[in-house]
Amino acid sequence: MFFASPGLADAADMVTLRAGPNPVRFGGRVVFSGAVTPVVAGETITIYAQGRSGSLLVGSASTNAAGSFSLKATVKTHRVFVARGIDALGNPVESAGVSVLVRPRVVASLRGVQRIGARLYVVGRVQPRLAGTVTLAEGDRERRVAVGSSGHFVAQLTTTRLFRYRATVRLRPAAGYVAWHRRYGIRIKLRPLAIGSRNAAVKWLEYSLARHDHYALPGVDNVYDGMTADAVLAFQKVHGIPRTGSVDNQFWKVLRTSGPPLARVRSGDHIEVDKTRQVLFEIRNGEVISVSHVSTGATGNTPVGHWHVYAKGPGFNAKGMYDSLFFIGEFAIHGYISVPSYPASHGCVRTPFWFASELYSRWGIGTSVYVFP
């Protein structure tokens with residue numbers, strides 16, 4: 001820095017400063033330029049970046065015959081810059097501060113598979129790390145994304161409840177930085193499923209049916225077996241779509257917006273049988289907790305009305321009925337080897353074997369049974 005001796009006339013009384021480009025991309029070069037008044041050649045002008053802990057020296061330049069100066073510097077973070085000279089009395093003369101905005105470097109890309117139940121991510125990095133907050137919007141839902149110390153981030157995209165949507169990654173800038181965003185058009189492939197399928201889509205299907213919509217399943221895994229088919233068939237019956245026991249595009253689209261069905265009698269604990277839809281509901285406190293597909297009387301002879309379980313028959317009997325809950329005469333809810341999607345019994349309410357044992361263990365003598373047309 002040039003310090004003038006006391007009484008020296010050729011010194012700056014005023015210093016100006018400009019900076020460009022502004023905003024500057026992360027790691028880009030900024031030209032700091034300005035002039036001194038009165039015009040003084042050969043005076044040293046020093047550029048400083050102001051910060052919370054004080055001023056940081058950027059560099060220095062000498063004025064030319066026109067009193068102008070210029071200096072290039074790399075900028076990675078937002079700062080307010082000042083130019084400083086010395087007046088005739090040896091006192092510092094400082095320009096007005098110039099705020100240089102930074103356009104962060106953000107890279108992002110999709111990783112994974114756009115398929116129902118599969119894993120799909122947005123991965124990326126923001127530099128500098130403190131340039132702002134990263135968010136991810138899926139449709140109309142936006143959430144904050146955690147950013148690591150090096151600026152890297154990973155956010156999982158849904159491949160289940162949304163099938164066609166826009167995913168938008170945003171940098172909501174901190175003061176001194178510029179916003180950024182990138183949009184992705186997500187198109188989830190709705191793969192068909194049937195007995196024998198083994199993949200992540202099956203796991204999501206079972207999770208949705210059992211945990212979200214309350215269809216009876218003994219557990220959740222990635223194997224589509226007969227029990228999965230039973231739950232799928234029950235769902236199809238409730239929603240009036242083809243009773244195939246397998247999953248197609250129509251099934252996925254209905255599942256996306258579905259929820260647990262409503263009880264007919266919305267109070268107390270009881271069992272409901274719907275002969276039209278061929279399903280059984282378990283009700284606790286007026287809410288459906290379990291749905292199973294059933295098969296009632298082939299001739300329509302399953303008695304309609306409000307009944308009560310008066311006897312229980314464990315295991316198999318001579319007629320092949322398994323874990324029976326008798327509710328009137330010889331009519332019972334029981335497991336059976338054949339439970340088609342349509343009415344086929346002699347009048348009882350047939351359920352799959354695996355479900356019959358669970359139902360039998362949960363309900364006792366006196367249980368209310370409503371049979372609706």
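Biologist: In which loop is Pro 38 found?

Modeller: Let me say at the outset that this is a predicted model, in which local features need pLDDT of at least 70, side-chain atom pairs count only at pLDDT 80 or more, and totals for chains, interfaces and linings use all residues. Residues are numbered from 1 along each chain as its sequence is written, and side-chain values use heavy atoms, with hydrogens and water left out. Strands here are DSSP runs of E with at least two residues, and helices are runs of H or I with at least four, numbered from the N terminus. On that basis Pro 38 is found in the loop between β4 (28-37) and β5 (44-51).

Biologist: Is the peptide bond from Thr 37 to Pro 38 cis or trans?

Modeller: Most peptide bonds are trans. The bond from Thr 37 to Pro 38, however, has omega near -5 degrees, and it is cis.

Biologist: What is the phi of Gln 278, and is the residue buried or exposed?

Modeller: Gln 278 is found in the loop between β19 (270-274) and β20 (279-284), and its phi is near 60 degrees, a positive value in a residue other than glycine. Buried means under 20% relative accessible area, exposed means over 50%, and partly exposed is in between, with a 1.4 Å probe and protein chains only. Because its relative accessible area is 1%, Gln 278 is buried.

Biologist: Which strand holds Asp 323, and what is its relative accessibility?

Modeller: Asp 323 has a positive phi of about 45 degrees although it is not a glycine. The residue lies in strand β24 (residues 322-328). Asp 323 counts as buried because its relative accessibility is 8%.

Biologist: Which residues does His 334 contact, and why does it count as buried?

Modeller: His 334 is found in strand β25 (residues 331-335). Contact means heavy atoms within 4.5 Å, and, leaving aside neighbours within four places in sequence, the partners of His 334 include Asp 323, Tyr 322, Cys 348 and Arg 350. His 334 counts as buried because its relative accessibility is 4%.

Biologist: Is Gln 156 buried or partly exposed?

Modeller: Gln 156 has its place in strand β16 (residues 152-157). Not counting residues up to four places away in sequence, it touches Arg 119, Leu 120, Tyr 121, Leu 136, Glu 138 and Arg 143. With a relative accessible area of 37%, Gln 156 is partly exposed.

Biologist: How many residues are in the largest nonpolar core?

Modeller: A nonpolar core is a set of buried Ala, Val, Leu, Ile, Met, Phe, Trp, Tyr and Cys residues joined through side-chain atoms within 4.5 Å. Among those with the most contacts inside the largest one are Phe 32, Ile 47 and Trp 252. A second, separate core of 17 residues includes Ile 271 and Val 294, whereas the largest core has 75 residues.

Biologist: What is the radius of gyration of the protein chain?

Modeller: There are four helices and 27 strands in the protein chain. The radius of gyration is taken over C-alpha atoms, and the globule rule is 2.2 Å times the number of residues to the power 0.38. For 373 residues that rule gives 21 Å, so the chain is more spread out than a compact globule, with a radius of gyration of 37 Å.
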